Amino acid sequence: MMTDTDSDSSQRGNAVSQAIKHLQLRYQKLLDDVTPFTVGRWISAGLLTLAFLARVFILQGWYIVTYALGIYHLNLFIAFLSPKIDPEIAEYEDDAGGPELPTRANEEFRPFIRRLPEFKFWYSVAKSTLIATVCTFFDCFNIPVFWPILVMYFITLFGITMKRQIKHMIKYRYLPFTHGKPKYSGHGDTGKDTRNYQPLPSQAPPPQSPVPPQPPAASFTIGSVRDA
């Protein structure tokens with residue numbers, strides 16, 4: 001009897017684990033399918049955020065949840081704008097590894113590698129907004145606070161954080177975007193952008209002076225010589 005009970009429990013455990021694994025594979029397949037649709041993904045995340053804000057505005061509560069969600073989104077945005085390898089830390093580490101940011105126009109072009117990739121940024125925003133929306137269905141998360149203080153504190157924190165990030169960009173001369181970067185080509189390139197330069201037209205050969213016509217040569221016959 002004990003053997004039959006153990007075998008039944010093991011079979012149920014295997015069936016549950018296989019079902020969970022199957023759901024995980026289906027979920028990962030769904031994420032892989034929506035990866036190329038960048039604009040559609042962000043539109044859906046924006047609509048989800050607007051729906052959450054509308055719910056909070058209508059219910060007039062859950063300000064702590066909204067504030068926590070805003071702080072979390074701000075941290076994600078800063079990680080999205082930051083390079084994967086901080087130049088300030090790489091200055092003191094010779095074996096930091098990974099590509100370095102180019103600081104001159106004649107250096108080799110390297111794309112900007114983010115600390116937080118775009119897809120993970122979108123996934124974290126959508127998941128956190130969905131979790132915050134679910135929290136608005138429970139009164140235990142509706143802690144009474146004076147919401148104008150939270151708004152002013154968030155605006156101040158956003159301004160200080162973005163100011164520090166912009167100073168970091170100016171100090172180490174990098175932009176968090178790779179669109180519109182000049183492309184360099186050729187072995188003897190001096191670092192100039194040649195996108196607006198047009199090739200010179202090939203020069204035609206100089207015109208040659210016309211050859212003057214020659215007078216017809218005099219012809220003599222044998223009969224005219226005998227008559228002479």
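Biologist: In the protein chain, what share of the contacts with a separation of 6 or more comes from residues 24 or more positions apart?

Modeller: This is a predicted model: local features need pLDDT of at least 70, side-chain atom pairs count only at pLDDT 80 or more, and totals for chains, interfaces and linings use all residues. Numbering starts from 1 along each chain as its sequence is written, and side-chain values use heavy atoms, leaving out hydrogens and water. Contact means heavy atoms within 4.5 Å. For contacts with a separation of 6 or more, the share from residues 24 or more positions apart is 79%.

Biologist: How many helices does the protein chain have?

Modeller: Helices (H or I, at least four residues) and strands (E, at least two) are DSSP runs, numbered from the N terminus. The elements run α-α-α-α-α-α-α from the N terminus on. Strands number 0, and the count of helices is 7.

Biologist: Are helix 3 and helix 5 roughly parallel or roughly antiparallel?

Modeller: Axes are lines fitted to C-alpha atoms, for helices over the stretch in contact, and angles run from 0 to 180 degrees between N-to-C directions. Helix 3 (residues 63–81) and helix 5 pack with axes 10 Å apart, at an angle of about 175°. Angles under 35 degrees count as roughly parallel, over 145 as roughly antiparallel, 65 to 115 as roughly perpendicular and the rest as oblique. So helix 3 and helix 5 are roughly antiparallel.

Biologist: How many charged residues are in the contact of helix 3 with helix 5?

Modeller: Helix 3 brings V65, L69, Y72, H73, L76, F77 and F80, and helix 5 brings residues including E118, F121 and S124. Ala, Val, Leu, Ile, Met, Phe, Trp, Tyr, Cys and Pro count as nonpolar, Asp, Glu, Lys and Arg as charged, and the others, Gly among them, as polar. The contact has 10 nonpolar and 4 polar residues, and the number of charged ones is 1.

Biologist: And how is helix 3 set against helix 6, roughly parallel or roughly antiparallel?

Modeller: The axes of helix 3 and helix 6 (residues 147–172) come within 11 Å and cross at roughly 5°. The contact has 16 nonpolar, 3 polar and no charged residues. From the crossing angle, helix 3 and helix 6 are therefore roughly parallel.

Biologist: How is the ring pair of F119 and W122 classed?

Modeller: The structure holds 6 aromatic pairs. The ring centres of F119 and W122 are 5.6 Å apart, with planes at 45°. Rings of Phe, Tyr and Trp (its six-membered ring) pair if their centres lie within 6.5 Å; planes under 30 degrees apart count as stacked, over 60 as edge-to-face and the rest as tilted. So the F119 and W122 pair is tilted.

Biologist: Which arginine lies over the face of F80?

Modeller: F80 belongs to a cluster of ring pairs with W42 and F121. A charge sits over a ring if NZ of Lys or CZ of Arg is within 6 Å of the ring centre and within 35 degrees of the ring normal. At 4.0 Å from the ring centre of F80 lies R114.

Biologist: Is T133 buried or exposed?

Modeller: T133 is in helix 5. Not counting residues up to four places away in sequence, T133 touches F52 and R55. Buried means under 20% relative accessible area, exposed over 50%, partly exposed in between (1.4 Å probe, protein chains only). With a relative accessible area of 18%, T133 is buried.

Biologist: What is the phi of Q60?

Modeller: Q60 lies in the loop between helix 2 (38–59) and helix 3. Most residues other than glycine have a negative phi. Q60 is not a glycine, yet has a positive phi of about 55°.
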